[in-house]
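Here is a short briefing to read alongside the sequence and the 3D view. Keep both open as you go.

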Amino acid sequence: MHSAVAHHFESLEKQGQAQRLGMWLFLATEVLLFTALFAAYGVYRYLYTDAFSQASRSLETWMGGVNTFVLVTSSFTVAMGLDAVVKGKNRRTGLLFGLSILLGCVFMVLKGFEYRHHFLHAELPGPFYGGPIAGSGGSMFFSLYFLITGLHAFHVLVGMTVLGVIGARTWLGRYGAEHHVPVELAGLYWHLVDLIWIFVFPLIYLI
Amino acid sequence: MSDHTAAPATTAHTHAGRYLVVWAALTALTALTWGLSTIHIPGFGGVAVALAIATVKGTLVALFFMHLWDQPGPNRLVLITSLVFVALLVTLPLLDNATRFPLANPPDAETAPQRIRDAILNDAPPPAHP
């Protein structure tokens, strides 16, 4: 009956728990990947406090705020998508994941406008920084800004791809009320992307 | 037959109502931290408030959107372990830089002696001797 169960698992339930544990281990490595950048941000913010707050004030806070709202809402639609597949409403999951991908597109477009603004004002990383802040504080801020938001944006793109594949497969009926763990794991990845942005937003835009 | 008792437990952790409440709380907290950033809290206070709100938001996402609330222990332990390393990775380099001999940090950093810093920022040769 359970064709989804691999031969070395006794039941779908046990396989699901193993899959969740594996996903959490992967997510832990993702957390540590971003932590390296956050640690660098902390150190350089300590060394160049004034330059960092000056550079941070030059960012469009409303764009970061709107993007936070967009990602939080997309996390909500992904959670509702899982709720739908558990109730056997596969088509609804496909639509909700599609909506989440659209919200991801909104995030990326806003991010693109922000990057365009920085390129036009020579707010670039490392030796290419041509902004108003004296010393190396400004270039350090924008090096870390592009590294953190760039790596995060890459994760948004990967997350949109994952949601697209899993959403389409759910629509086609590959998963269902009983076999819903892949849908749950795709959601976990997207929530982690949201979780990281929740910390990026105050660190880069607000303080 | 015991599988039938386990089945409702897996479906019980998907509550549309719960997701809606968490989404509303996350939206409200985003508005709050945004609003608080417009009134400049001096010194370390602003950073502490912003990070505290972010931690509350992150906890809500991890517990309810990511279902850690209903997960068995091992899955929770993975994230908790990674958070221990987050704390170590962030605090130890900070403490290192904060307690260094000043000249071991970059010469134009705010921890450097003021006259050396001024000289670098004004692109002038450093004063010969005080």
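Chain B has five helices and zero strands. Along the sequence its pattern reads α-α-α-α-α. The model is a predicted one.

**Chain B as a whole**

- Chain B has 130 residues, and 28% of them count as buried.
- Its accessible surface is about 7,600 Å². Carbon and sulfur atoms supply 74% of that area.
- Take the contacts in chain B with a separation of 6 or more: 39% of them join residues 24 or more positions apart.

**Two helices of chain B that pack together**

- Helix α2 of chain B covers residues 16-38, and helix α3 of chain B covers residues 44-65.
- Because angles over 145 degrees count as roughly antiparallel, α2(B) is roughly antiparallel to α3(B).
- The crossing of α2(B) past α3(B) is left-handed.
- On the α2(B) side, the contact residues include R18(B), Y19(B), V22(B), W23(B), L26(B), L29(B) and L36(B).
- On the α3(B) side, they include V49(B), I53(B), V56(B), K57(B), L60(B), F64(B) and F65(B).
- Sorted by class, this contact has 16 nonpolar, two polar and two charged residues.

**E114 in chain A**

- E114(A) sits in helix α4 of chain A, which spans residues 90-120.
- Is E114(A) buried or exposed? Its relative accessible area is 2%, so it counts as buried. The cut-off for buried is under 20%.
- Which residues does E114(A) touch, leaving out those up to four places away in sequence? They are E60(A), M63(A), N67(A), Y145(A) and Y205(A).

**R169 in chain A**

- R169(A) belongs to helix α5 of chain A, residues 137-171.
- Its relative accessibility is 32%, so R169(A) counts as partly exposed. That class runs between the 20% and 50% cut-offs.
- R169(A) and G94(A) are 75 residues apart along the chain, and their C-alpha atoms are separated by 8.2 Å.
- Leaving out residues up to four places away in sequence, R169(A) touches R174(A) and Y175(A).

**To recap**

- In chain A, E114(A) is buried, whereas R169(A) is partly exposed.

Methods
Residues numbered from 1 in each chain as written. Chains lettered and ligands numbered in written order. Predicted model: local features only at pLDDT ≥ 70, side-chain atom pairs only at ≥ 80, totals over all residues. Heavy atoms only, no water. Helix = DSSP H or I, 4+ residues; strand = E, 2+ residues; numbered from the N terminus. Buried < 20%, exposed > 50% of the residue type's maximum accessible area, 1.4 Å probe, protein only. Contact = heavy atoms within 4.5 Å. Areas by Shrake-Rupley, 256 points an atom, 1.4 Å probe, with all protein chains shown as cover. Axes fitted to C-alpha atoms, helices over the stretch in contact; angles between N-to-C directions. Parallel < 35°, antiparallel > 145°, perpendicular 65-115°, else oblique. Left-handed = near helix turned anticlockwise from the far one by under 90°. Nonpolar A, V, L, I, M, F, W, Y, C, P; charged D, E, K, R; others polar.
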